[in-house]
Amino acid sequence: YQQVSLILDYSGPGIETGPEGEAIIPIDVSKVKRGDYIDFTNVRFFRNSAILEPVAQNELDGLVDLMKESTGYKIRVHGHCNGNQDREGSVLGSSTSFFALDPGKNKIGKLSAKELTTERAATVKAYLVSQGIDASRIDIKGDGGKIPMYPEGGTLGQYNDRVEIEITKR
């Protein structure tokens, strides 16, 4: 379903009272459709890496549930990073630990922004596949640092390191 943003008015019309005196506020939701993007709040990566932080698992598991419920959905995972400069970074390598650094198995080296973001998208795809989602339903794209949400050098620049999910078929 699409994210909903609204201001709650607890005294407005349409508010019902539940059996224990609680306010019941109906919220309309709609399914995502082709061309929609899903933004994540907690899908984050370790600095300059394509390895997910543990906090990302809950939201990614929600995406797994969506993909299992809606078997006609196909998606594209867009990887993003903060800035377009090359950097020393790490990717999964031979590790299957999606949510922890694994120095013995992670591959470390110089990465362009495009390579890093492609690897981030590939990590998300690999996790979804490991959870039973058919790989043919998932495309990946590394966007580098071309589409920042915040100024690169600003205090919120770290939030440019992200993935977005585009619904390509419903």
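T123 is buried, with a relative accessible area of 1% (buried means under 20% relative accessible area, exposed over 50% and partly exposed in between, with a 1.4 Å probe and protein chains only). Please keep in mind that this is a predicted model, in which local features need pLDDT of at least 70 and side-chain atom pairs count only at pLDDT 80 or more, while totals for chains, interfaces and linings use all residues. Residues are numbered from 1 along each chain as its sequence is written, and side-chain values use heavy atoms, with hydrogens and water left out.

**Confidence**

- The chain has a mean pLDDT of 90, and 91% of its residues reach 70 or more (pLDDT is the predictor's confidence in each residue, from 0 to 100).
- Confidence is lowest in strand β2 (residues 23-24), at a mean of 76, and highest in β7, at 98.

**Helix α2**

- With 18 residues, α2 (residues 113-130) reaches 26 Å from its first C-alpha to its last, close to the expected 26 Å (the expected span is 1.5 Å times one less than the number of residues).
- Helices (H or I, at least four residues) and strands (E, at least two) are DSSP runs, numbered from the N terminus.
- The buried residues of α2 are A113, L116, T117, R120, A121, T123, V124, Y127 and L128.
- Down the axis of α2, these buried residues fall within an arc of 145°, so they line one face of the helix (the arc is that of the directions from the helix axis to the C-beta atoms).
- Their packing partners are α1 (57-69), β4 (74-80), β5 (87-91), β6 (107-111), β7 (138-142) and β8 (162-169).
- After α2 comes G132, whose phi is positive, near 100°.

**T123, a residue of α2**

- T123 lies in helix α2 and, leaving aside neighbours within four places in sequence, is in contact with A50, L52, L92 and F98 (contact means heavy atoms within 4.5 Å).
- A polar atom of the T123 side chain lies 2.8 Å from the backbone oxygen of A50.

**E164, a residue of β8**

- E164 lies in strand β8 and counts as buried, at 13% relative accessibility.
- Beyond neighbours within four places in sequence, E164 is in contact with Y37, I38, D39, R76, V77, H78 and H80.
- The side chains of E164 and H80 are joined by a polar contact of 3.0 Å (a pair of N or O atoms within 3.5 Å; within protein, one must be able to donate a hydrogen and the other to accept it, and residues adjacent in sequence count only if both atoms are side-chain atoms).
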